[in-house]
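I opened my notebook to look up a few places in one protein. The entries below follow the order in which I looked.

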Amino acid sequence: MRSHEAGALHGQAGDRGPAWLRNPEDPNRLVPHLWADGVSKVDGVLTVAGVSAVDLAAEFGTPTYVVDEDDFRRRARSFKEAFPDADVYYAGKAFLCVAAARWIAEEGLNLDVCSGGELAVALKADFPPARIGLHGNNKSLAELRRALEVGVGRIIIDSFEEIDRLRELTAELDVTAPVMIRVTAGVEAHTHEYISTSHEDQKFGFSITGGDALDAVRRVLDAPGLELRGLHSHIGSQIFVTDGFEVAARRVLRLHAEIEKELGVALPEFDLGGGFGIAYTTQDTPSTPDDLARGMLKIVADECAAMGIAVPHLSIEPGRAIAGPSTFTLYEVGTTKSVALDGGAARRYVSVDGGMSDNIRPALYGADYSCTLASRVSDAPAVLSRVVGKHCESGDIVVKDEFLPGDVAAGDLLAVPGTGAYCRSLASNYNHVPRAAVVAVRDGEARLILRRETEDDLMTLDVG
Ligand SMILES: *Cc1c(COP(=O)(O)O)cnc(C)c1O
């Protein structure tokens, strides 16, 4: 080992990981706000709603997504309670299966789908079609037809072609389609910041500044089978501040007022989108639904008052903020190694039995996660670790930087919180790895809600 001066070494990032990462006094302890309500440690073993991670791994195998059902339901309910006069549409693309659709229905929320497949899941769950919204920038004729046939509550129009398709389909099927028009407010929200630009360089929605939005409104009003309910604006995901919303809401409400005053058309509804951030690591400080409601409802009320228009019926579309924190992924460790870093520090690589096939977000967005040893207590000092998957990509990272006990070894279980949104729904079969199971735990009972894929499942598609 190289000798070094402790003072110089401790100033370097390689030793401590990124600046936000804390070396915990006790790496066995959970950081409570990163975990679902029902999760705790009992004698070092991670436990959810009374069921231990060791038992879950024994019964269902690993990797497995473990959902705290009561936590999922409580988060859904908390948006309903914070926005009592609004419709809350759960964004199904975050995580959808029959069980999740039923929880959403039972908690009184509506559901957004953005493909024929998501619509099929909702219908299989007997989700009331009138409470379903259909999104998508390139909905096929077949998807639109199905949505009209089953009578979805609203279709969010995203292109001029879609207006033509809906005009023809509503005539053919002799139905009226309630629709919203998705507009781009020229505001792009990022974590901790937002960018407000005059151009709208993205695939979704009709540009307000370019005049497309007003043009779309005219064409929809001109289509006999379409009933325009209002405008829709979604500015991004994993947002922590309401500043971006304020600018977006002002721009979209200005268009809303213009339509009402100049075209003489009452628009009863207004959709503010979703994108509310959650805590993946200690660096994230999300707002509660109550905080969001206070901020957003005031912005809308103030803008409407300033423009002299009635406050429309609002809807919001949280996905991640409901599904994300409810779930952790349980992995088993297979191999470990230590790598020397510049300055004499070291990083421990801990390989688990999943990876980018069950969580693509680190590779796709550079997303950060945290992690804990789930199967036992450890007295070993914490060391800077990187949890990686089993795939043939060096970017196959599960948790880029975390302090884990230095004795983590093959056979240990690790749990990664905050994996309920955009993990199973973005899962792939890369390297022909079957997709992981999803297990819901409630009141001491664990129930399989999406079974693990098998090699036979993969082979059924391979027709030689
Ligand atoms: C993805 C999406 C959402 C949900 O975003 P979250 O970050 O999961 O809250 C809401 N509305 C629309 C239109 C979306 O595309």
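Entry 1, a term. I call two N or O atoms a polar contact if they lie within 3.5 Å of each other; within protein, one of the two must be able to donate a hydrogen and the other to accept it. I also note that the model is predicted.

I looked for Glu172 and found it in helix H8. Its side chain is joined to the side chain of Arg145 by a polar contact of 2.7 Å. I then checked Glu172 against Asp70: they are 102 residues apart in sequence, and their C-alpha atoms are 44 Å apart in space.

Helix H8 covers residues 160-173 and packs with helix H9, residues 212-221. The angle is about 5°, and the axes are 10 Å apart. Angles under 35 degrees count as roughly parallel, and H8 and H9 are therefore roughly parallel to each other. From H8, the contact uses Phe160, Ile163 and Arg167. From H9, it uses Asp212, Asp215, Ala216, Arg219 and Val220. I sorted the residues of this contact and got four nonpolar, four charged and no polar ones.

Entry 4, the ligand. Which residues are closest to the ligand? I listed Lys93, Ser237, Glu317, Arg320 and Tyr422, out of 15 residues that surround it. The shell around the ligand divides into seven polar, four nonpolar and four charged residues. I then looked up some distances. A side-chain N or O atom of Tyr422 is 2.5 Å from an oxygen atom of the ligand. For Lys93, the distance from a side-chain N or O atom to a ligand oxygen is 2.7 Å. His234 has a polar side-chain atom 3.4 Å from a nitrogen atom of the ligand. On its own the ligand has 390 Å² of accessible area, and the protein covers 93% of that.

Where is Pro63? I found Pro63 in the loop between helix H3 (53-60) and strand S4 (64-68). The peptide bond that joins Thr62 and Pro63 is cis, with omega at about -10°. Asp43 is not a glycine, yet its phi is positive, at about 50°.

Note on methods: Residues are numbered from 1 along each chain as its sequence is written. This is a predicted model: local features need pLDDT of at least 70, side-chain atom pairs count only at pLDDT 80 or more; totals for chains, interfaces and linings use all residues. Side-chain values use heavy atoms; hydrogens and water are left out. Axes are lines fitted to C-alpha atoms, for helices over the stretch in contact, and angles run from 0 to 180 degrees between N-to-C directions. Helices (H or I, at least four residues) and strands (E, at least two) are DSSP runs, numbered from the N terminus. Angles under 35 degrees count as roughly parallel, over 145 as roughly antiparallel, 65 to 115 as roughly perpendicular and the rest as oblique. Contact means heavy atoms within 4.5 Å. Ala, Val, Leu, Ile, Met, Phe, Trp, Tyr, Cys and Pro count as nonpolar, Asp, Glu, Lys and Arg as charged, and the others, Gly among them, as polar. A residue is near a molecule or strand if one of its heavy atoms lies within 4 Å of it. Accessible areas come from the Shrake-Rupley method with a 1.4 Å probe; for residues, only the protein chains shown count as cover.
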